[in-house]
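Trainee: I am new to this structure and would like to learn how its descriptions are reached. Could we go through a few of them together?

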Amino acid sequence: MRKVHRRNELSKQIGAIKNKLKINVKDEKVEQDIRSSVSNLSNEIGIDRDFAGRLLNILLSESLRLQLNEQPDPAQFESHLAVFMKAKKLEASGKKIIHMEVGEPDYPPPENVRKALSTVFEAKQYHYSETKGIIKLRTAIAKKTSNHVTTDEVIVTPGGRFAVFAAIASLLTAGDELICIEPAWPAYRESAAFVGSTANILKTTLEDGWNPDIKKLENMIGGNTKMIVLNYPNNPTGKILKKNIIEKIVSLAKDHRIYVLSDEVYCDYVFNEFTSILEYGYEKSVVISSFSKGHAMTGFRVGYAIAEENIIDKMAKVQATALTSVAEPMQYAALAAIGESPAENAKRIERRLEIVSNKLREMSLRFVKPDGAMYVYPKLGDGKRDVELVQKALDLGVAVAPGSGFGDCYSQFIRISACQPDNQLEKGLDLLKTAISSC
């Protein structure tokens, strides 16, 4: 413990030096070299490599935390949700804001949902339900999904976010490693950090079309790697990986016997070919989805996960401990929605994305045309940073998300949501153009 204390004190000093020299706190190459050295030492002295790796990850995570504490707060906004809350405060004070920072559809859920909610009281559908969800809804999800999915391979969760958390919390422990391909929704690394696991980040670039380097991915997999997270259609870029790339990732996962967590919440908004991870029949895969986006039911908080029954049982234990089950009325609302096609919603978003894309081209901003989802992720001009732009845009009356909320090295990007009516999008983009010109 004295040596750990000494190490922590050194970490603080190193953090202060890095801050002074403007050096990034995290150096993935150095961490990888340390992991290799510890692995070799474990073999040499006869300590279990997995245990040694988990212990090392705990030490590295604490060192990272201490060094970050020595850094000044680099951003007022850390995520799209933080911007959303700021925008809400401005609205409460009387300022009009065009919301282009969150994936909140402006159109209503299917009419059947309203009817279902109006009958739940008379039908007495307001009780505790099974932790995994009501049988009718789980069966309907399994039937819709096909791929030989059974009712016991489905769990209904309060939104897709909790499905992500339950999967990570039930399958990873302190010191385990998760690989996440960024830019990506921040919930994966946040969930990993909450349970004491390490998120190793595979960065992708606009120049490479947001395609991951499979060789780099393979080199990142070590003895403590327990999961690879996929987020396609991607939030924030709208990217959908080609089938051959997904096949290579699944092959790597199979070779190393690690989980694949595939967040497919935006699978109803696809404009190019998309293949669910379920198509590959890998028994250690977990698919996440939700009624929030395709059926415009964000506030209903109904998501779900599909996996082998033994994985679902583990996730159910987390859910039972945390919240018992999803509210029964909301589950019946989702059951009413599941038979309704989201195709018209997808057409609406695709058209709006084209409006956004055309405006961004007029501004000479670079981006990859979205294959799906409901966002565009443009790169700002030289010398421009997301946080400054977000503040200026808010001052003018439009909210956009900072790119750095989706990965540490994306501060030159912003995420624009296409979830507003056409005229509002155009007005918001005009305001954004003014904000960019003033940065």
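Predicted model: local features only at pLDDT ≥ 70, side-chain atom pairs only at ≥ 80, totals over all residues.

Trainee: Why is arginine 352 called buried?

Mentor: Its relative accessible area is 4%.

Trainee: Where is arginine 352, and which residues does it touch?

Mentor: Arginine 352 is part of helix H13, residues 343–362. Leaving aside residues up to four places away in sequence, its contacts are Asp106, Tyr107, Ala418, Cys419, Gln420, Pro421, Asp422 and Leu425.

Trainee: Why is serine 411 called partly exposed?

Mentor: Serine 411 has a relative accessible area of 22%. Buried would need a value under 20% and exposed one over 50%; 22% lies in between, so serine 411 is partly exposed.

Trainee: What surrounds serine 411?

Mentor: Serine 411 sits in the loop between strand E10 (398–402) and strand E11 (414–417). Beyond residues up to four places away in sequence, serine 411 touches Lys384, Arg385, Asp386 and Ser404.

Trainee: What makes up the lining of the second largest pocket?

Mentor: There are 24 lining residues, with His80, Leu81, Trp185, Lys293 and Arg301 nearest the centre of the pocket. By kind, the lining has 8 nonpolar, 10 polar and 6 charged residues. Helix H4 (80–92) and helix H7 (159–171) each contribute at least two residues to this lining.

Trainee: What is the volume of the second largest pocket?

Mentor: The second largest pocket has a volume of about 520 Å³.

Methods. Residues numbered from 1 in each chain as written. Heavy atoms only, no water. Helix = DSSP H or I, 4+ residues; strand = E, 2+ residues; numbered from the N terminus. Buried < 20%, exposed > 50% of the residue type's maximum accessible area, 1.4 Å probe, protein only. Contact = heavy atoms within 4.5 Å. 1 Å grid on protein atoms, 1.4 Å probe; cavity = no way out; pocket = protein on both sides within 12 Å on 5 of 7 lines; lining within 4 Å. Points joined across faces, edges and corners; volume = space filled by probe spheres on them. Nonpolar A, V, L, I, M, F, W, Y, C, P; charged D, E, K, R; others polar.
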